[in-house]
Amino acid sequence: MRALPVIIMGAKGRMGATLVNLAENDPCLTLGGLVERPERQEGLERYGCPVVADVQEVLGLPGAVVVDFTAPAVTLDTAAKAAVTATPVVVGTTGLNKEELATLKDLALKTPIFWAPNMSVGINALLRVLPDLVKLLGEDYDLELMEIHHKHKKDAPSGTALKLAECLAHARGRELEEIGIFSRHGIIGERPKGEIGVQALRGGDVVGDHTVYCLGPGERIEITHRAHSRETFASGALRAAKWLAGQQPGKLYTMADMLG
Ligand code: NAD
């Protein structure tokens, strides 16, 4: 079987470097191109594939899939260029606003695009079972969420925290915009029933911790997911790349589509 060429955006980044290392050692994949800002490209030539500053330069590679963990504006630019050549794109970038997500959805009509704010199997399994737990516990249990990430992370709360909070809100038949609260300070009064609090902590080199709290009368449940390394996200993204290579454009694919 021919190895699938992958083009890694942001190849020197925390996620990009992890993706490059995993892809290099995966016999089903081959490095088709590394895209990085010119001032950060040093050392990338050792991988023996094209190293460029603009993804456009490597999009002609037949059968390639792009993997992008960068920043919202870069990701949208990548997806727009990839749509022209109908090159599939796996997006791990978080912090996209509503308009940016809508643009990504539009581009997914032209080329296969997969987006997941968290590529780990554990978080996606948690997303699957959380609605059942919330419904079983009922309205008397207050739902809260806390996340911790390394000090370099640019967006808050994390994309994963937003996805988990959205999952909790939907389990209650509500939208997160209606009942989510993202900071508390001062004389805030009694907690309104149904509110979902989301708190973001930042510091050190924490890869990513998320805890969902179900706080009830006389007891509480705490469910914590801790990512031990970035490899869990990178291997999920490379699995998505292999899966996406066989998909048609038409919708913005998610982990739920891949995991079935
Ligand atoms: P990072 O800052 O370490 O890496 C980003 C890289 O992109 C940098 O090397 C930067 O130079 C490069 N870059 C910037 N502009 C570019 C351009 N125009 N062309 C090519 N490269 C460019 O960030 P990170 O910690 O690797 O995180 C990147 C994104 O991935 C963030 O949005 C983060 O939240 C997200 N993330 C998602 C998951 C997931 O499972 N979906 C997991 C971890 C991180």
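Strand 1 (residues 4–9) and strand 4 (residues 65–68) pair in the parallel sense over four bridges, where strands are DSSP runs of E with at least two residues and helices are runs of H or I with at least four, both numbered from the N terminus, and two strands count as paired if DSSP finds at least two bridges between them. The structure is a predicted model, in which local features need pLDDT of at least 70 and side-chain atom pairs count only at pLDDT 80 or more, whereas totals for chains, interfaces and linings use all residues. Residues are numbered from 1 along each chain as its sequence is written, and side-chain values use heavy atoms, with hydrogens and water left out.

Within the pairing of these two strands, V6 stands opposite V65 of strand 4, and the bridge partner of I8 in strand 4 is V67. In a regular strand the side chains alternate between the two faces of the sheet. In strand 4, V65 and V67 point one way and V66 and D68 the other, and all are buried, that is, under 20% relative accessible area with a 1.4 Å probe and protein chains only, against over 50% for exposed and in between for partly exposed.

Strand 4 also pairs in the parallel sense with strand 5, over three bridges, and here V66 has V89 of strand 5 as its bridge partner. Together with helix 2 (residues 72–85), strands 4 and 5 make a right-handed β-α-β unit, the hand being right if, with the strands pointing away from the viewer, the path from the first strand over the helix to the second runs clockwise. These strands belong to an open sheet of seven strands with parallel pairing and the order 3-2-1-4-5-6-12, whose edge strands, strand 3 (51–52) and strand 12 (252–253), each pair on one side only.

At the level of the whole chain, an automatic or database domain assignment gives domain 1 (4–119 + 230–259) and domain 2 (121–226), with C-alpha centres 28 Å apart. The contact, defined by heavy atoms within 4.5 Å, takes twelve residues from domain 1 and 13 residues from domain 2. The two domains bury about 1100 Å² between them, 52% of it on carbon and sulfur atoms, buried area being the accessible area (1.4 Å probe) that two parts lose on being put together, summed over both.
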